[in-house]
Amino acid sequence: MTEPLLTVRGVKTYYGNIIALKGVDLDVHEGEIVTMIGANGAGKSTLMMTIFGAPQAREGRIVYAGTDITRMPTHMIARMRIAQSPEGRRIFPRMTVLENLQMGAAIDEFAHFDEDLNQVFSLFPRLSERAHQRGGTLSGGEQQMLAIARALMSRPKMLLLDEPSLGLAPLVVKQIFDAIRELNRSQGMTVFLVEQNAFHALKLAHRGYVMVNGLITMSGTGKELLASEEVRAAYLEGGAH
Amino acid sequence: MANPVSAAAPSLDYGRIAREALVTGLVATAILGPFIGLITVQNMDHQLILETRWPLLAALIAVIVGVRVFFSLFVWNRAVKIKKVAPARVPFKIERFAAPFFLGLLFCYPIFVLAGLGAGGSIKWIDNFGIQILIYIMLGWGLNIVVGLAGLLDLGYVAFYAVGAYSYALLAKNFGLSFWVLLPLAGILASFWGIILGFPVLRLRGDYLAIVTLAFGEIIRLILINWVDFSNGYAGISGIPRPTLFGIPFNATDKGFAAVFGLEFSPIYRTIFLYYLILALALLTAWVTVRLRHLPIGRAWEALREDEIACRSLGINTTTTKLTAFATGAMFAGFAGSFFAARQGFISPESFTFMESANILAIVVLGGMGSLWGVVIAAVALVGGFELMREMDFLKMVFGQDFDPTQYRTLLFGAAMVAIMLWKPRGLISTREPTAFLKVSKSVSGSHVSEGHG
Ligand SMILES: Nc1ncnc2c1ncn2[C@@H]1O[C@H](COP(=O)(O)OP(=O)(O)OP(=O)(O)O)[C@@H](O)[C@H]1O
Ligand SMILES: [Mg+2]
């Protein structure tokens, strides 16, 4: 087996004196879709932000593409071609859709902007209709699409998505998950996905992890986790269809 | 068509304008009534008696309502239109005509004044109105980079103005360097101080940043007051060399401007020269701002204003982004400062008080953060308005010899602030012009987007 693209080993993250991650181990291989599920407050978003260096891990190591990024500043991590659609989307509200997308291409000084624009517009045609609308006036689903599209504009090798289905209609969720699958299949993009929508997210994923209280308690292929009694009881009850 | 709204030009809602004008009048009456309408004076027996000044009150209210209606009809009307057609590229018609008109007016202003009033009478108008307003427009545009674009609330901007002024004054007096060498140098020194201020405040935002920048402005002023050997303290620096036109001074000697060009000596030439100099400096500021907004660094400033964390995760180095914003803003204050010193020939710490920072910030905020046009309107209204009050001698005929209109400056200033914040909480021109437009005939279907230039 080759080296994983992303390796997380024994990572502990604190907010002040409160420990949020209690020693997390996790691997994401190149070309994989990996899903992490867990209850509210388990530490999923914290892990995602720790990979991005904000906050930094107090203990442990995070290695990406052979480079230790544990102590790297956030903007340098982003320049290693990891892109993120963070929790809460964090689009630029007063800037237009187009300008938001431009900021996604900022690390290359907008060099391949026009080219990539066509690609994200074909992925999310809705955004092309709204190209000159201010980001803050988009609907929730459109904002989510914009956050993902903006992350894609940097031509990432690895994409981190924090709850992309949050607050979206089932049809839009399907659209977004289809888009993720398509990116993975056609471009071999590596995706690390945090989701509450466990059923769809695990179906989409090659592998999955379950996080409870700042620790990984289970891992396996998407199918294995979907079949597991514990996962069904805790995260899928009533949700499976 | 995707965008039917833009086809039908929205008609003016006269009912709404009338209603708003009425409300304006009522608010103005409520605010101004007690202050302007009533006055206590001492009579012969040294008793205080109450006198009324209804005509003045009525005149002021009429002016305020008039301005309100004017804005409803010609200025804000535009913003409303833009909101309605927000999804598409809006052809900024007003800007297209307003910019050349405004520039033409600025270039011709001294000529008009000269033609109308003659050399003797026009110095005051070119200097007090033209140059004074342009200095504030330039300072407003400079601060706009820091506050309006990058979203960093700076209450100590006048410190960089002071650095520019003292740099020029001290270097010109002590080393005899010319204005044209010192102008860029003053800008560089000011931006250097911008970076010095930037470093400690990198982690601060909003209120905390404002307090630290305020303190910074005061520190610079206190240093200038107390380090007497360096800056001559309260007494200030006088006899600062005046700028020359490529070596030709504006004085009455044989080598002076008037003699060289075979004209009769008059101080008006220097005033006109200074006018065009500050005009050029101000336009440089605007041009740089407009250009930068289309470059990576300017876009990063605006993104920083919107969401710092998102910026970082998009690979933007927020440290350098903030420092360049402080440095660029400070540089223009430095230019303006050295111009100020050269124009006055005398500077002292008095000119660089917190009140100045507050005025400049007020111009930026009232104008609408980030808007170059807003700064122009606010600067003309505030600075021009102040200067104009000095000229209102005719009011003395109406209200008696004791009436001094300048005493009402601060009052009117406050009233204007309150009024604008009530009607336009985001400033006079709050629409932000996008910097990016879709090109047609991309793979994107053309019906979604109207024509635009990229
Ligand atoms: N900035 C912060 N300061 C202090 N505590 C924090 C902070 N951010 C998160 N926490 C705490 O850390 C724990 C993990 O939070 P995190 O946001 O990672 O949860 P999550 O798994 O993403 O939950 P959800 O599914 O609700 O998004 C929670 O107990 C939360 O209260
Ligand atoms: Mg979360």
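Analyst: A:Arg90 pairs with B:Asp307 in a salt bridge. Their closest N and O atoms are 2.9 Å apart. The model is predicted, so this distance is computed from predicted coordinates. Between chain B and chain A, the count is one salt bridge. Side chains of opposite charge can pair when their charged atoms come close.

Which elements of chain B supply its side of the contact? Two or more residues each come from helix 12 (296-306) and helix 13 (308-313) of chain B. Helix 12 of chain B gives the largest share, seven residues. By class, the side of chain B that touches chain A holds 18 nonpolar, seven polar and eleven charged residues.

Now the extent of the contact. On the chain B side, 36 residues are in contact; they meet 32 residues of chain A. The size of an interface is often given as the accessible area lost when the parts come together. Here the area buried between chain B and chain A is about 3,100 Å². Carbon and sulfur atoms give 58% of that area. Within chain B, the residues that lose the most area to chain A are B:Arg299, B:Glu306 and B:Leu314. Together these three account for 19% of what that side buries.

Next, ligand 1. The shell around ligand 1 has 13 residues, and those that come nearest are A:Lys44, A:Ser45, A:Thr46, A:Glu87 and A:Gln196. Helix 1 (residues 44-51) of chain A gives the most to this shell, with three residues. By class, the shell has four nonpolar, six polar and three charged residues.

Oxygen atoms of ligand 1 meet polar atoms of chain A at several places. In the side chain of A:Ser45, an N or O atom is 2.6 Å from an oxygen of ligand 1. A polar backbone atom of A:Gly43 is 2.9 Å from a ligand 1 oxygen. For A:Glu163, the distance from a side-chain N or O atom to an oxygen of ligand 1 is 3.3 Å. On its own, ligand 1 has 640 Å² of accessible area, and the protein covers 58% of this.

Back to charged pairs. Over all chains, the count comes to 18 salt bridges. One of them joins the side chains of A:Arg126 and A:Glu142, at 2.9 Å from N to O. A:Arg126 lies in helix 5 (residues 125-129) of chain A and A:Glu142 in helix 6 (residues 140-152) of chain A, so the pair ties together parts that are 16 residues apart in sequence.

Two backbone details in chain A remain. The peptide bond from A:Ala54 to A:Pro55 is cis, with omega near 5°. A:Pro55 sits in the loop between helix 1 and strand 4 (59-64) of chain A. A:Ala65 is not a glycine, yet has a positive phi of about 50°. The loop that holds A:Ala65 runs between strand 4 and strand 5 (67-68) of chain A.

How values were computed
Residues numbered from 1 in each chain as written. Chains lettered and ligands numbered in written order. Predicted model: local features only at pLDDT ≥ 70, side-chain atom pairs only at ≥ 80, totals over all residues. Heavy atoms only, no water. Contact = heavy atoms within 4.5 Å. Buried area = accessible area lost by both parts, 1.4 Å probe. Salt bridge = Lys/Arg side-chain N within 4 Å of Asp/Glu carboxyl O. Helix = DSSP H or I, 4+ residues; strand = E, 2+ residues; numbered from the N terminus. Nonpolar A, V, L, I, M, F, W, Y, C, P; charged D, E, K, R; others polar. Near = heavy atom within 4 Å. Polar contact = N/O pair within 3.5 Å; in protein donor to acceptor, adjacent residues only side chain to side chain. Areas by Shrake-Rupley, 256 points an atom, 1.4 Å probe, with all protein chains shown as cover.
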